[in-house]
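Subject: Handing over a structure

Dear colleague,

Please find the structure below, and have it open while you read.

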Amino acid sequence: MKEQNYIKLEFLSRSANEAFARAAAAAFASQLDPNMEELGDIRTAVSEAVTNAIVHAYPDSIGRISMRLRILEGQLLEISIRDWGRGIENVEQAMKPLYTTGGQERSGMGFTIMSSFMDKLRVRSAPGKGTTVVMQRAICPRVGSR
Amino acid sequence: MNISSSYFSGRLTLFLSGELDHHEARGLLGSIDDLIEEFMPRECVLELSGLSFMDSSGIAVIVRSAEKMRLLRGRLSIENPSAQVMRVLEAAGIERLVPVTSGNMGGLL
């Protein structure tokens, strides 16, 4: 599918960067003129994916996280969040609602929210190598807009 | 993010504002725990009209706080979530666990 625009950002797996990542994603997505609900869904899904990388990919260390956003033909926003951390042994299990290996402040709902807020969600992971989460969301053209 | 509280006749209202994510969750959970232990309310209300963003970290905070109130034989409820917060609450099915009400602006107005 034809790529019309993209950005790529890299940041450390510090929790202070969660707010930065979702704000940057929302700022890039705004050129598609999303409505409030679409923008909220994008911010939430990015926050979930980045938090997963921070909490699970690098549990005892600080590592790299890269976020790529692409605009594809047909008002399609693609978000990829990649890390080079611990990886996920069993992706299917990790994606189950309420499943978590995180602590008290995790709910096990991250993947559930990503998949219900995005049109497509794909997770690729290899133990010791890292994880890539790719999400797509079509942004509805607004009546009367450009 | 910020938290402020008001207590009246067994009802502790906690006003949350700002953005609630994993970065903020642990500190907030500690603050809520401390306030519940200080006031020992029958009812604890999380008033969310000032909360501009919440992800699944907020779900964990709500679930833990509800457990805490249950141990004290009290109950937790949620008031006035924004549209974004409401979508996260719905996706997580939180309404099966904690009552959510909108439109009651309480002492805010």
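A residue is called buried if 20 or more other C-beta atoms lie within 10 Å of its own, exposed if 12 or fewer do, and partly exposed in between, the C-beta atoms being placed from the backbone. By that rule, 39% of the 146 residues of chain A count as buried, and 44% of the 109 residues of chain B do.

Before going further, please keep in mind that this is a predicted model, in which local features need a pLDDT of at least 70 and side-chain atom pairs count only at pLDDT 80 or more, while totals for chains, interfaces and linings use all residues. Residues are numbered from 1 along each chain as its sequence is written, and chains are lettered from A and ligands numbered from 1 in the order in which they are written. The predictor gives the complex an ipTM of 0.91 and a pTM of 0.93. For chain B the mean pLDDT (the predictor's confidence in each residue, from 0 to 100) is 93, and 94% of its residues reach 70 or more.

**Chain A as a whole**

Chain A holds four helices and five strands, where helices (H or I, at least four residues) and strands (E, at least two) are DSSP runs numbered from the N terminus. Read from the N terminus on, its elements follow the order β-α-α-β-β-α-α-β-β. The radius of gyration, taken over C-alpha atoms, is 15 Å for chain A, close to the 15 Å that the globule rule (2.2 Å times the number of residues to the power 0.38) gives for 146 residues, so chain A is as compact as a globular protein of that length. Two residues are in contact if their C-beta atoms, placed from the backbone, lie within 7 Å, and of the contacts in chain A with a separation of 6 or more, 67% are between residues 24 or more positions apart.

**The sheet of chain A**

Two strands pair if DSSP finds at least two bridges between them, and in chain A five strands form an open, antiparallel sheet in the order β1-β2-β3-β5-β4. β1 (3–12) and β4 (120–126) of chain A stand at its edges with a single partner strand each, so one side of each has no neighbour in the sheet.

β2 (residues 64–72) and β3 (residues 76–83) of chain A run antiparallel and are joined by eight bridges. Along this pair, Arg70(A) has Glu78(A) in β3(A) as its bridge partner, and Leu69(A) stands opposite Ile79(A) in β3(A). The two strands form a hairpin with three residues between them, and Gly74(A) in the turn has a positive phi of about 80°. On to the next pair: β3(A) and β5(A) are antiparallel over eight bridges, with Arg137(A) in β5(A) as the bridge partner of Leu77(A).

**Where the chains meet**

The contact takes 23 residues from chain A and 21 residues from chain B. On the side of chain A that touches chain B, the elements giving two or more residues are α1 (17–29), α2 (36–57) and α4 (110–117) of chain A, and the largest share, ten residues, comes from α2(A).

**Chain B**

Chain B has three helices and five strands, which run β-β-α-β-α-β-α-β from the N terminus on. Its C-alpha trace spans about 30 × 30 × 25 Å along its principal axes.

With best wishes
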